[in-house]
Amino acid sequence: MVRTASAAGSRTGKVVHGTGRRIRRATAAEGAGESGLAKLIELHALNSFGDMLITIALASTIFFSVPTGEARGRVALYLLITMAPFAVLAPVIGPLLDRLPHGRRAAMAMSMLARAVLAWTMAGVIAGGGIALYPEALGVLVASKAYGVVRSVVVPRLLPSRLSLVKANSRVTLAGLLATGVAAAVGGLLHLIGPGWPLRGAFLVFVIGTLMAFHLPHKVDSAKGEQRAVLHAEVHGEGSHLIHHKPPPVKASLRTVGPSVILALRAMSAMKWLVGFLVMFLAFLLREEPIGGLQPTLALGLVALAAGTGNALGSVLGSWLRTRGPETTVTAMLLLATCATAAAALWYGVVTVVLVAGVAGMAASLGKLALDALIQRDVPEAVRTSAFARSETLMQLCWVAGGAVGILLPLNGVLGLSIAAAVVGLMLLWTLRSLFRVGLRRHPAAPRVA
């Protein structure tokens with residue numbers, strides 16, 4: 001028995017070691033190892049793993065452990081206490097990062113450390129599901145979104161010469177999705193031990209992440225050549241140019257950085273709104289009114305699987321498409337999402353609901369990569385990191401707005417999906433109009449610098 005156990009342990013060690021080497025080889029491919037991008041990919045995978053463990057713990061307490069009516073009230077309270085303050089705090093994140101260009105590794109480490117402390121604190125109170133849990137959940141949300149903004153800012157600094165920005169972001173996103181899938185299984189097993197154990201696991205993950213953040217290359221903290229971006233496109237005449245001298249102070253806004261970038265921001269705002277809406281609306285709808293005779297848990301599992309698969313497919317397609325026609329790509333994704341949502345409203349059923357979840361996940365994933373490509377193409381390097389910070393903040397706010405609508409609507413599948421189709425349909429018409437105007441321009445307008 002000892003010999004058998006020893007042999008089994010040896011084989012397991014070889015498998016784990018071999019898997020680790022293959023993962024490291026994959027993350028370091030095409031110059032990512034030399035540039036430091038591989039370390040960011042691994043850090044992001046760890047971040048996604050920890051966030052998923054916290055999500056499992058919160059969902060099991062707020063959503064699954066109580067009847068639907070009470071769960072809806074709890075989630076509404078969660079939105080009120082966490083999402084509403086976040087909507088106020090989120091716009092501050094981007095400008096704050098502009099003032100901390102030399103502390104990006106520290107900012108990522110602090111976002112990890114804050115979630116480690118909050119996860120450990122939440123583990124002691126989550127069993128009761130009391131109101132004290134919600135302010136701590138707000139802290140986790142803010143720290144997570146702050147990390148997301150910093151990550152978007154850091155990627156261009158670690159970009160290998162052999163990779164485009166869209167492909168690098170695709171690789172980072174795929175690593176996060178794979179880690180999320182593994183974390184879902186691990187979190188489920190930990191939850192069987194007790195409701196606080198996924199949070200204790202998250203504590204350990206984020207402590208490791210705190211240390212890993214400081215192992216990113218020092219150039220992450222370099223602000224050489226960077227300036228604050230004024231996200232404002234020149235719309236009067238064709239003579240816009242990059243101002244090299246210091247201009248008068250201008251208030252930064254998300255109104256204009258070039259028509260193509262604004263087109264993509266508008267389309268992505270609609271898709272992020274749709275994703276947030278579907279997450280909240282379908283979570284309660286399928287639990288209260290299962291479709292096709294399926295058990296609520298099975299129906300929710302199918303929708304979650306479809307959304308995750310769509311997300312991964314969007315990342316893979318983004319890596320393949322690279323930067324070909326990003327304006328057309330993001331508009332096509334919004335068109336696809338609109339059609340899928342309208343089809344789900346017209347022919348409400350298992351197939352269409354699963355389809356709209358998958359399409360929304362793919363459209364949001366590929367659309368975000370197209371937006372990244374446009375920022376890379378149209379925004380000068382001197383202001384690109386600032387533009388990423390501001391666009392990421394806008395995307396998060398749109399998700400919050402969609403989730404709020406989803407929780408407030410009556411649980412009627414046809415009604416809810418019809419409203420969602422109408423909202424994204426209106427944004428699609430606006431985007432198509434902008435695409436036509438952008439197509440008439442020979443050169444994208446260069447953004448100004450402040």
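Helices (H or I, at least four residues) and strands (E, at least two) are DSSP runs, numbered from the N terminus, and the expected span of a helix is 1.5 Å times one less than its number of residues. The structure is a predicted model, in which local features need pLDDT of at least 70 and side-chain atom pairs count only at pLDDT 80 or more, while totals for chains, interfaces and linings use all residues. Residues are numbered from 1 along each chain as its sequence is written, and side-chain values use heavy atoms, with hydrogens and water left out.

Helix α12, residues 350-378, has 29 residues and reaches 42 Å from its first C-alpha to its last, close to the 42 Å expected at 1.5 Å a residue. Of its 29 residues, 23 are buried (under 20% relative accessible area, with exposed over 50% and partly exposed in between, for a 1.4 Å probe and protein chains only), so α12 is largely enclosed by the rest of the structure.

Helix α5 can be checked in the same manner: its 20 residues should span 28 Å at 1.5 Å a residue, and its end C-alpha atoms are 29 Å apart, which agrees. The buried residues of α5 include Met108, Met112, Leu118 and Met122.

Two packed helices are described by the angle between their axes and the distance between the axes. Axes are lines fitted to C-alpha atoms, for helices over the stretch in contact, and angles run from 0 to 180 degrees between N-to-C directions. The axes of α5 (residues 104-123) and α8 (residues 197-213) come within 8 Å and cross at roughly 165°, and the two helices are therefore roughly antiparallel (over 145 degrees, where under 35 is roughly parallel, 65 to 115 roughly perpendicular and the rest oblique) to each other. Contact, meaning heavy atoms within 4.5 Å, involves residues including Met108, Met112 and Trp120 of α5 and Phe203, Phe206 and Val207 of α8. The residues of this contact divide into 15 nonpolar, 2 polar and 3 charged, where Ala, Val, Leu, Ile, Met, Phe, Trp, Tyr, Cys and Pro count as nonpolar, Asp, Glu, Lys and Arg as charged, and the others, Gly among them, as polar.

Helix α5 also packs against α6, and the axes of these two come within 9 Å and cross at roughly 160°, which makes α5 roughly antiparallel to α6. Among the residues that meet here are Leu118 in α5 and Tyr147 in α6, and by class the contact has 14 nonpolar, 4 polar and 4 charged residues.

Leucine 138 lies in helix α6, residues 133-154, and is buried, with a relative accessible area of 15%.
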